Every structure is written in structure tokens, then in C-alpha cells.
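Here is a quick walk through one model, written for someone who likes to have the viewer open while reading. Have a look at the sequence and the structure first.

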Amino acid sequence: MAERVLVTGGAGFIGLHLVRRLLADGAEVTVLDDFSRGREDSALLEVRDHVTVVPYDLRRPIDSTHLKGDWDTVYHLAAVVGVARAQQRPAHVLRTNVLTTVNLLDWCERHPPRTLFLSSTSEVADGAMALGLSSFPASETVPFAVPDPHAPRASYALSKVVSEALALHAGKDTRMRIARYHNVYGARMGHSHVIPQFIDRLQRGENPFRVYGPTQTRSFCHVDDAIDATVALARLPHADPRVVNIGNDQEEIAAIDLARLLFDLAGCRPRLELLAPPPGSPQRRLPDLSAARRWLDYRPRVALVDGLRRTFDWYTENAAGEAR
Ligand SMILES: NC(=O)c1ccc[n+]([C@@H]2O[C@H](COP(=O)([O-])OP(=O)(O)OC[C@H]3O[C@@H](n4cnc5c(N)ncnc54)[C@H](O)[C@@H]3O)[C@@H](O)[C@H]2O)c1
């Protein structure tokens, strides 16, 4: 029998890539999304006939009039994402990301899926790494630390720390899987992350080209690799909960070098204007992927230059219609 899957946030970036993969694997897929960020663009319309779409704001409790039936696997990706949103509306980010998790977990208690997958973030480890409580690469066991809990930006990490804890203490009949995504990128990722922002500004001919925090490094993971690891983690047969970093540790890159790679793809060479990093932005991010390698046999396959080319081409063709 086909696997029955619910994907919250399934109209968003990672969500829709996941939905496509699950459909290709023969799953029966329901997408729940409030369309605050995800939307019915051509990419969603391509799968629209093959999925059930439930438009719903998960800040409200779910009852049987909203969701009918039981699911084998629930992927919880719905969240308010992006540094700008956390800076501008920290209370909204904190409330939404906690409430969506609480309401989903309450519903799962009444309709226990075999597996619940929660999307968390590298940002839950950023504080401990910045305070030197652990060394790079960042493992899943670093303590939670928030150097400046009142900073608006901290709202996102705090919401995910609480969500992780809620999930880990929830129903024992469900296999709990928590993924900490590290800088996932690719087509249709919106505009609130550094790669699409650089592409946007290059396409608008920005010169001088601003690079904030030029020496800060990140390890970018193409969404195809992230989806492979996501599905492998959800399908892991073990009963005990698992928390796993998902990312790419092969090509850590400084912001200035990322800009230069994108200049090459755009075929231009604007003058660089090097600026201070945004407040609270970590100097370095590099995941320890030994758990993913050990448990999921995970190997990132998409080289940064190839992934960037695909992303650049996608934004060139689709920039106008992309959701902010
Ligand atoms: N993209 C990354 O690099 C990255 C890194 C770390 C963690 N994550 C996590 O992965 C998940 C997916 O991220 P993404 O990059 O695809 O973001 P996204 O914004 O593209 O997708 C999130 C989706 O959730 C939906 N949503 C928001 N609030 C909702 C609500 N109240 N009810 C129902 N749906 C709601 C949005 O409309 C959107 O479609 C998120 O939980 C995010 O925190 C992503």
C-alpha cells in the first residue's frame, strides 16, 4: 500500500521539493500550508492534480473538519523562516513556530503517525559555537545557548529549540526524527537568504556590489541532497528519537568567495564593497555530518558550483514570479 504522507509547509521551498520526491516514490501526499510564504505558482500547479492541498493556518488547533484520516509519516516544515522576518517580527516568528508545532503535536497525539519529522535548524547550535562551548564542526550534541536572548533575531532559534524539546517529549508511539538543516539552497527558495539575495542584486546590476561579513563562512547544501537525507532520516526504522544535522561539509565558503562564484555565473565583475556583518550573524557554520553518514549513509552529491549554476538559472527564468 502507498505510504500516506502529510507535509506541513508543503507549498514552501524545501516542502515542495520534498513533495515531488515523495510523489516520485509513489506516496499519497497531503500538503497543509497557510500560503503565507508558499504559494500556488507553476511549480505547485505541476503537482496539484497528484496531491491533496489543505489550506490551513496551523497557529489554530486542528480538528477532524480540517484533516481527515491518518498518516504513516508527517513532515512538519511549516514555519516562518528568514533573518529579516525574525528581525522585523520576532514575536510573530516565535509564536507561529511554537504554535504550529504545538497544534501539530496535539493532533498527532490523537492520530499517531508512525513517524513524525520535525525541521529544525543550524541556528540552535550557533550560540554555543559563538561562545566557544564546542568546536567546529558543530555536532548535534552541542548545548543550547542563546548569547542575546532578547535580540529579535534570537526568536527563530528559540522557536526551534522549544519545538525540538516539545517533539522529543511527545508521543512514545511515534518515531521522532529531527533534522537540523544547515543553509539549504536551490530553486524556489524565496528571497530571504544570501544566495537568492546575491543573485537578485547581480541581476539588477548592483555596482559596487555589497558583501556584508565578507569573511563569514557557510557550508551550503543543495536542496536535492537535503531531500535525500530528509527522506532517509524519516525512513530510518529505529524506534528511538534521532536528531541529525543535514547539510554539506565539503565546501565551506566565505561570503566574498560566494559573491565571486556568482559573478562568474552572471558573467560580470562589479567592484566589491565590503561591509560589517549583520548583527548577530555567526562567523562560521559547518555541520558535523558523522551521524548522517553513519545512520543514513548520506553523501552530499551536488557540488557547490553546479548547485549555484542551477539556482542562478532558475532565478533568471523565474525571478519575477517568485514569492518573497
Ligand atoms: N531553507 C533552509 O536553509 C532552512 C534552514 C534551517 C531550517 N529550515 C527549516 O525548514 C523548514 C522549511 O523551510 P523553507 O526554507 O522551505 O521555508 P519556506 O518559508 O519556503 O516554507 C515554510 C512554509 O510554511 C508555511 N507556513 C508558515 N506559517 C504557517 C502556518 N501558520 N500554518 C501553515 N503553514 C505555514 C509557509 O507558507 C511556507 O510555505 C522550516 O521549518 C525552516 O525553519 C530551513
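## Ground rules

This is a predicted model, so to speak of a local feature we ask for pLDDT of at least 70, and side-chain atom pairs count only at pLDDT 80 or more, while totals for chains, interfaces and linings use all residues. Residue numbers start from 1 along each chain, following the sequence as written.

Helices (H or I, at least four residues) and strands (E, at least two) are DSSP runs, numbered from the N terminus. A residue is called buried if 20 or more other C-beta atoms lie within 10 Å of its own, exposed if 12 or fewer, and partly exposed in between, with C-beta atoms placed from the backbone.

## The core

Which residues have the most contacts inside the largest nonpolar core? They are Val7 and Ala226, in a core of 86 residues. A nonpolar core here is a set of buried Ala, Val, Leu, Ile, Met, Phe, Trp, Tyr and Cys residues joined through C-beta atoms within 7 Å. Helix α4, residues 90–110, gives the most to this core: seven residues.

Take Ala226 as a way in. Setting aside neighbours within four places in sequence, Ala226 is in contact with Ile14, Tyr181, Val184, Cys221 and Ile246. Contact means that two C-beta atoms, placed from the backbone, lie within 7 Å.

Helix α4 also holds Arg95. Arg95 counts as partly exposed because it has 15 C-beta neighbours inside 10 Å. From Arg95 to Val80 is 15 residues in sequence and 9.6 Å in space, C-alpha to C-alpha.

## Around the ligand

The ligand is surrounded by 28 residues, and the closest are Gly9, Gly12, Phe13, Gly38 and Ala79. The cut-off for being near is a C-beta atom, placed from the backbone, within 6 Å of the molecule. Elements giving two or more residues to this shell are α1 (13–24), α4 and β5 (115–121). The largest share, three residues, comes from α1.

By type, the shell divides into 12 nonpolar, 11 polar and five charged residues. In this scheme Ala, Val, Leu, Ile, Met, Phe, Trp, Tyr, Cys and Pro count as nonpolar, Asp, Glu, Lys and Arg as charged, and the others, Gly among them, as polar.

Helix α11 (residues 304–318) has 15 residues and reaches 21 Å from its first C-alpha to its last, close to the 21 Å expected at 1.5 Å a residue. That expected span is 1.5 Å times one less than the number of residues. The buried residues of α11 are Leu304, Gly307, Leu308, Thr311, Phe312 and Tyr315. They sit on the same side of α11, because they cover an arc of only 135 degrees around the axis; the arc is that of the directions from the helix axis to the C-beta atoms. An α-helix has 3.6 residues a turn, so residues three or four places apart point the same way. On the other side of α11, Val305, Asp306, Thr316 and Glu317 are exposed.

What lies over the buried residues of α11? The cover includes β7 (184–185), α7 (194–203), β10 (221–222), β12 (253–254) and α9 (255–266). Helix α7 has buried residues as well: Val194, Ile195, Pro196, Phe198, Ile199 and Leu202. Their cover includes β7, α9 and α11. Just after α7, Gly205 takes a positive phi of about 75 degrees.

## Backbone details

Most residues other than glycine have a negative phi, and most peptide bonds are trans. Asn183, in the loop between β6 (175–181) and β7, has a positive phi near 45 degrees. With 19 other C-beta atoms within 10 Å, Asn183 is partly exposed. Arg188 lies in the loop between β7 and α7 and has a positive phi of about 65 degrees. Arg188 counts as buried because it has 23 C-beta neighbours inside 10 Å.

Now the cis bonds. One joins Phe136 and Pro137, with omega about 0 degrees, and Pro137 is in the loop between α5 (123–130) and α6 (154–168). Another runs from Asn207 to Pro208, with omega near 5 degrees; Pro208 lies in the loop between α7 and β8 (209–212). Leaving aside neighbours within four places in sequence, Arg271 is in contact with Asn207, Pro208 and Phe209.
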